[in-house]
Amino acid sequence: MKRIVIMGGSSGIGLRVAELLAASGWRVGVAGRKEEPMKKLKVMFPSQVEWAQIDVNHNDAPRRLLDLIGRLGGMDTYFHVSGVGYENPTIDMKEEIATVETNVVGFTRMVDTAYHFFKARGKGHLAIVSSVAGTKGIGDLASYSASKKFQQTYLQALEQLSHKNKVKIAFTDIRPGWIRTPLLDPDREYPMTMELQDAAKLIIKAIKKKTRIAVIDRKWAIAVFFWKLIPGGIWIKLPISVSSRATVEEEISNEEAELSEA
């Protein structure tokens, strides 16, 4: 039976992936800051799910992760979804620093813990959700896009290190575009937004196949391919906006949907 720990599994992408994997027979360890969704998941799948309240920004997070792994009976895959992001065109310093603390420092804290666990075990699978935003610097998402670039580069470096040390760890970098989870502003429209259920299925497919880099979905893969070709001198002059105000009709339909992430 496959065992996965999902860091950031108490909402959004992480919670939906946890539900789908538990329903398909996986043993799932969910970790996050919100207790109630994880408790409900445990009730739904009492023999499949273990959970722990973990804040990646706290120094006790590695110990709590290892305790969760113990209660799960081990870990075959570590899946890091935990993260924050702000549309911050005014470069509010508090929001920029909060993003870096969670998406860079907290990320490193937890991914390193998983890496050392797999290194001691001799094998494993380390998967993360970064973002298409990590492929270019986006003005309205300065710290977010930079932090996602850090995650992508860090994972690549760990993969090189594992090959050098002959440790059999597989690495998966999942790069979604906009997904309707609670991270997005419900009053705004975002380009090529995906529904959470559809995105979760594609993410699970990438995890099962241990795909090295998976851009979610095909439309975003095409967009990223072309914007990588844009020279830096031209890119910085483009008036890119990551969202627009929704119409009244769109706001009504969005309130009935499960919203946001990118």
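This is a guided tour of a predicted model, giving at each stop what to select and what is there.

**Before selecting anything**

Residues are numbered from 1 along each chain as its sequence is written, and side-chain values use heavy atoms, with hydrogens and water left out. Because the model is predicted, local features need pLDDT of at least 70 and side-chain atom pairs count only at pLDDT 80 or more, while totals for chains, interfaces and linings use all residues.

**The whole chain**

Begin with the whole protein coloured by pLDDT, the predictor's confidence in each residue on a scale from 0 to 100: the mean is 88, and 89% of the residues reach 70 or more.

Of the 262 residues, 50% are buried, where buried means under 20% relative accessible area, exposed means over 50% and partly exposed lies in between, for a 1.4 Å probe and protein chains only. Among contacts with a separation of 6 or more, 68% are between residues 24 or more positions apart.

**Helices H1 and H6**

Two packed helices are described by the angle between their axes and the distance between the axes. Select H1 (residues 12-23) together with H6 (residues 196-209): their axes are 9 Å apart and the packing angle is about 65°. Axes here are lines fitted to C-alpha atoms, for helices over the stretch in contact, and angles between N-to-C directions run from 0 to 180 degrees. H1 is therefore roughly perpendicular to H6, given that 65 to 115 degrees counts as roughly perpendicular, under 35 as roughly parallel, over 145 as roughly antiparallel and the rest as oblique.

The crossing of H1 and H6 is right-handed, a term used if the near helix is turned clockwise from the far one by less than a right angle, with anticlockwise giving left-handed. To display the contact, show Gly12, Ile13, Arg16, Val17, Leu20 and Leu21 on H1, and Leu196, Gln197, Ala200, Lys201, Ile203, Ile204 and Lys208 on H6. These residues divide into 8 nonpolar, 2 polar and 3 charged, counting Ala, Val, Leu, Ile, Met, Phe, Trp, Tyr, Cys and Pro as nonpolar, Asp, Glu, Lys and Arg as charged, and the others, Gly among them, as polar.

**Helices H4 and H5**

Next select H4 (residues 93-121) and H5 (142-164). The axes of H4 and H5 come within 9 Å and cross at roughly 15°, which means that H4 is roughly parallel to H5; H4 passes H5 in a right-handed crossing. Residues of H4 in this contact include Val100, Phe107, Thr108 and Tyr115, and those of H5 include Phe150, Tyr154 and Leu158. The contact as a whole divides into 11 nonpolar, 7 polar and 4 charged residues.

Centre on Thr108 in H4, which is buried at a relative accessible area of 17%. Apart from neighbours within four places in sequence, Thr108 is in contact with Phe150 and Tyr154.

**Backbone stops in the loops**

Most residues other than glycine have a negative phi, and most peptide bonds are trans. Ile91, in the loop between strand E4 (77-80) and H4, has a positive phi near 55° and is partly exposed, at 44% relative accessible area. Lys166, in the loop between H5 and strand E6 (168-176), also has a positive phi, of about 55°, and is exposed at 75%. At the peptide bond from Ile216 to Asp217, omega is near 5° and the bond is cis; Asp217 lies in the loop between strand E8 (213-216) and helix H7 (218-227).

Select Glu195, in the loop between strand E7 (188-189) and H6. Its C-alpha atom is 5.6 Å from that of Arg180, 15 residues apart along the chain, and beyond its neighbours within four places Glu195 is in contact with Ile179 and Arg180.

End at Lys228, in the loop between H7 and helix H8 (232-235), which is partly exposed at 48% relative accessibility.

Notes:
Helices (H or I, at least four residues) and strands (E, at least two) are DSSP runs, numbered from the N terminus. Contact means heavy atoms within 4.5 Å.
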